[in-house]
Amino acid sequence: MALSVGLPRMHKEAGERRDFLPRLVSYLDRAGAGDIVVEDGYGSGIGIDTAAYLGASPRARVGTYEECLGQEVVVVLRYPGRDVVRSLRPGTILVSMLHMPTRPERVELFAELEIRGVSLDGVTDDRGNRLVQNVEAVGWNGVREAFREIQRIHPRFAHPSRRPLRVTCLGAGAVGAHAIRAATRYGDPRLREEMAAARVPGVEVTVADFDLTWQENYMLTRLEQTDLLIDATQREDPTRAIVPNDWVAALPQDAVILDLSVDPYDFSIDPPKIKGIEGIPDGDLDQFVFRPGDPAYDRLPSGVRTKHRRVALACYSWPGLQPRECMEVYGGQIEPVMRVILERPIDEWDPELGSYYERAVARAEVCRWRSARTA
Amino acid sequence: MAKRPHGLSFGLPRMHREAGERRDFLPALVGKLADWGVEVFVEGGIGSGMGFRDQDYTDLSPLVHLASNEEAFRADVVLTLRCPDESEFLKLRPGSILFAMLHFPTRPKRVQLLSELGVEAISMDSVTDDSGRRLVVDSRDVAWNGVEAAFDALEETWPDLRTPSDRAVRVMVAGPGEIGKHAVEAATKYGNIERAVRYAREGLRGVEVLVVGRNLTGDEDHMRRSFRATDLFVDATQRDDPSKPLVPNAWIADLPPHAVICDLVVDPYLLDEDPPTVSSIEGIPQGNLDQWIFMADDPAWDRLPAGVPNEHRRAVASCYSWPGVHPLPCMELYGTQLAPLLEVLIRAGGMDGVHAEGSYHERALHRASLRAWVGAG
């Protein structure tokens with residue numbers, strides 16, 4: 001029997017404007033969904049009228065947040081929180097970014113409540129590559145905003161006689177790769193074209209990975225020559241900063257710091273977790289730029305050293321800065337995921353012999369994931 | 001129990017271009033084809049370059065048969081990684097499907113010939129998702145294998161590399177695109193994780209990677225100044241104008257004598273074409289799977305086309321097919337990438353059942369087909 005689908009909005013912060021696009025509703029219709037319930041106001045954050053969703057499928061209708069949560073399959077990009085999960089009916093399939101490896105309590109909650117889940121960040125191909133991800137937007141959006149700040153700070157930013165700008169990127173992994181490319185283009189291809197046409201020297205990016213970042217002398221010398229410092233690392237030990245706050249003093253006064261790894265501070269554990277670059281605030285879609293005098297510094301846990309400050313950028317969800325483009329990417333990526341969910345009963349998915357996407361989605365299903373780890 | 005043969009048959013001829021070409025599709029992929037119910041004709045000796053025996057394939061299923069090269073080319077679907085010589089196209093049956101790296105955009109004569117022969121072709125390099133991202137590609141191995149070879153050469157040209165000192169190894173990567181991004185990561189690990197671990201134990205300083213894009217690669221002063229402090233230069237650029245080198249030979253004089261040049265672009269010298277194509281780094285030899293490291297005194301320089309400036313020479317790592325340097329992981333990757341596409345092709349019964357508005361992999365296959373390419377043209 002056709003499964004009904006609910007598309008509730010995300011109500012985390014005012015700046016969260018993302019909703020899936022009407023194209024997904026159209027796809028769900030073609031893939032055999034039953035009722036498709038979109039929350040009142042869905043899409044309004046990105047300028048899409050409700051009528052566009054209703055026009056995408058004769059089975060689509062508008063409902064309240066609670067009605068959306070009452071459907072058999074609930075699709076929402078960011079994890080909606082413990083209280084919302086507790087309000088779901090047993091057997092509901094929640095499709096969301098669940099981050100199971102780092103949030104074991106969510107897995108146990110699903111088991112306790114008999115909620116079924118598909119973790120979008122866990123949908124991987126046979127080689128372990130994520131099929132639903134947008135690290136490109138993390139790199140590009142963060143770097144674009146950082147260069148806007150540099151442009152604001154540097155009076156000679158667009159002058160042909162200035163030297164090339166110097167970016168230091170810590171980390172050369174997936175996020176770092178996009179950040180490096182973005183940085184060579186000011187995070188904005190159009191700005192890059194304008195600067196090239198005006199014969200303004202470009203940007204050189206120096207990449208240092210963990211075999212260099214722990215060496216204080218090397219790092220202090222490098223930081224002294226840095227206009228933009230990017231943290232794109234994945235630390236094995238989040239209790240140790242890569243750039244302690246003392247080192248921030250080595251950066252020029254007008255340098256900018258960009259945090260793409262977005263590890264949070266957590267002083268509820270001992271030793272506490274701290275950010276890779278110590279002393280910069282946590283950001284979100286409501287505020288992601290922090291100048292040295294920003295009151296956000298005063299709200300940091302008392303154990304965090306913040307004496308040395310530069311303009312810093314941090315955002316829990318960098319892709320959300322360009323919500324429409326972001327949801328075009330995610331929408332296209334989850335279409336084949338939804339086809340699996342709608343075509344076959346969840347207990348029949350075969351992680352070994354199913355089709356390519358059936359295997360990928362089965363790997364991301366909470367019960368199977370939990371069983372594999374407790375076996 | 002043997003599966004009932006499906007309508008399609010598959011042929012897997014070997015690649016006979018150079019002695020160093022050791023790649024063939026692996027038993028794992030052939031086993032999947034048989035599991036999906038198709039007969040598979042593999043050319044004798046398949047996999048031998050990677051240590052496999054014919055029985056490793058034929059023991060998989062009664063649907064897998066040993067065949068001659070010609071028989072493999074007579075199957076309904078001919079699957080081979082590199083494009084066969086165009087003279088071999090005549091072995092294909094009209095209506096059969098050639099699935100290989102066919103490079104439609106840059107090979108108009110090939111497109112015309114395949115069309116005239118009535119061959120259904122699918123170009124692996126054109127298989128893309130809805131956002132244009134290639135689904136059959138091994139850019140990671142291009143970068144890692146190339147950078148690994150370059151560090152092999154650097155160990156030869158620069159004994160101080162392994163002397164603990166205060167200075168990091170300096171790598172410069174030009175072009176931070178799809179290949180360049182992997183080159184950056186590879187460079188931070190000396191092109192090889194085991195080497196990075198070994199060097200770390202020896203107390204070596206690490207690698208600093210300088211990345212430059214187009215807005216600096218054309219700046220002669222900046223590039224030559226940077227070259228003076230560069231131990232390894234990696235070219236991962238995509239030029240707008242392949243008739244002009246990115247790095248004129250004169251600039252190479254600024255690299256230290258021990259420096260190594262790593263060519264990941266590997267554009268050939270086609271001086272008779274109009275417009276001509278020249279190597280991105282002027283005056284370096286182009287390698288293949290028989291030889292990919294060239295020290296500065298290698299006779300390969302004497303074989304460069306007349307008129308190509310090559311006065312300034314440094315050790316070079318260059319290979320037309322970098323992924324083939326380590327054939328097994330390369331073919332594991334390609335096998336994994338191709339499997340869902342082949343599964344869809346088989347279930348569709350051939351290209352007539354593959355629709356532009358179909359599933360994710362159907363759409364990808366359709367975009368890469370000759371019929372779509374010709375239709376769009």
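A:Ala312 is buried in this predicted model, because 27 other C-beta atoms lie within 10 Å of its own and 20 or more are enough to count as buried. The residue sits in strand E12 (residues 311-314) of chain A.

**Around A:Ala312**

- Which residues does A:Ala312 touch, leaving out those up to four places away in sequence? They are A:Ile257, A:Asp259, A:Ile280, A:Pro281 and A:Phe290.
- A:Val256 is 56 residues away from A:Ala312 in sequence, yet the two C-alpha atoms are 5.9 Å apart in space.

**The six-stranded sheet of chain A**

- Chain A has an open sheet of six strands, ordered E3-E2-E1-E4-E5-E6, with parallel pairing.
- The edges of this sheet are strand E3 (60-63) and strand E6 (116-119) of chain A; each has a single partner strand, so one side of each is left without a neighbour in the sheet.
- From one strand to the next, the twist averages 25°.
- Within the sheet, strand E1 (residues 5-7) and strand E4 (residues 73-78) of chain A pair in the parallel sense over two bridges. Opposite A:Gly6 stands A:Val74 in E4(A).

**The six-stranded sheet of chain B**

- In chain B, six strands form an open sheet in the order E3-E2-E1-E4-E5-E6, and the pairing is parallel.
- Strand E3 (64-67) and strand E6 (120-123) of chain B are the edge strands; with a single partner strand each, they have one side left without a neighbour in the sheet.
- Neighbouring strands here are turned by 20° against each other on average, direction ignored.
- Strand E1 (residues 9-12) of chain B runs parallel to strand E4 (residues 77-82) of chain B, and two bridges join them. The bridge partner of B:Gly11 in E4(B) is B:Val78.
- Helix H1(B) lies across E1, strand E2 (39-43) and E3 of chain B, and runs at about 155° to E2(B).

**Strand E9 of chain B and its two partners**

- Side chains in a regular strand alternate between the two faces of the sheet.
- In strand E9 (residues 232-235) of chain B, B:Leu232 and B:Val234 point one way, while B:Phe233 and B:Asp235 point the other way. Buried or exposed? All of these residues are buried.
- Strand E7 (residues 169-174) of chain B runs parallel to E9(B), joined to it by four bridges. B:Val171 has B:Leu232 as its bridge partner in E9(B).
- E9(B) is also joined by four bridges to strand E10 (residues 260-263) of chain B, and these two run parallel. Here B:Asp235 has B:Asp263 in E10(B) as its bridge partner.

**Helix packing**

- Helix H1 (residues 27-35) of chain B packs against H11(B) at an angle of about 10°, with the axes 10 Å apart. That angle makes the two helices roughly parallel.
- B:Ala28, B:Leu29, B:Lys32 and B:Leu33 from H1(B) meet B:Gly335, B:Leu338, B:Ala339 and B:Leu342 from H11(B). By class, this contact has six nonpolar, one polar and one charged residues.
- In chain A, helix H6 (residues 135-153) and helix H7 (residues 174-184) pack at an angle of about 40°, their axes 8 Å apart. The two helices are therefore oblique to each other, and H6(A) passes H7(A) in a right-handed crossing.
- The residues of H6(A) that meet H7(A) include A:Val135, A:Trp140 and A:Arg144; on the H7(A) side, A:His178 and A:Ala182 are among those that take part. The contact has nine nonpolar, three polar and two charged residues.

**Where chain A meets chain B**

- How many residues of chain B are in contact with chain A? The count is 26 residues of chain B, which contact 30 residues of chain A.
- Helix H6 (178-188), strand E8 (207-212), helix H8 (214-217) and helix H11 (327-348) of chain B each supply at least two residues to the side of chain B that touches chain A. E8(B) gives the most, with five residues.
- The residues on this side of chain B divide into 11 nonpolar, nine polar and six charged.
- Strand E8 (residues 203-208) of chain A pairs with E8(B) in the antiparallel sense, over five bridges. Across this pairing, A:Val205 stands opposite B:Val211.

Terms used: Residues numbered from 1 in each chain as written. Chains lettered and ligands numbered in written order. Predicted model: local features only at pLDDT ≥ 70, side-chain atom pairs only at ≥ 80, totals over all residues. Buried ≥ 20, exposed ≤ 12 C-beta atoms within 10 Å, placed from the backbone. Pairing = 2+ DSSP bridges. Contact = placed C-beta atoms within 7 Å. Nonpolar A, V, L, I, M, F, W, Y, C, P; charged D, E, K, R; others polar. Axes fitted to C-alpha atoms, helices over the stretch in contact; angles between N-to-C directions. Parallel < 35°, antiparallel > 145°, perpendicular 65-115°, else oblique. Left-handed = near helix turned anticlockwise from the far one by under 90°.
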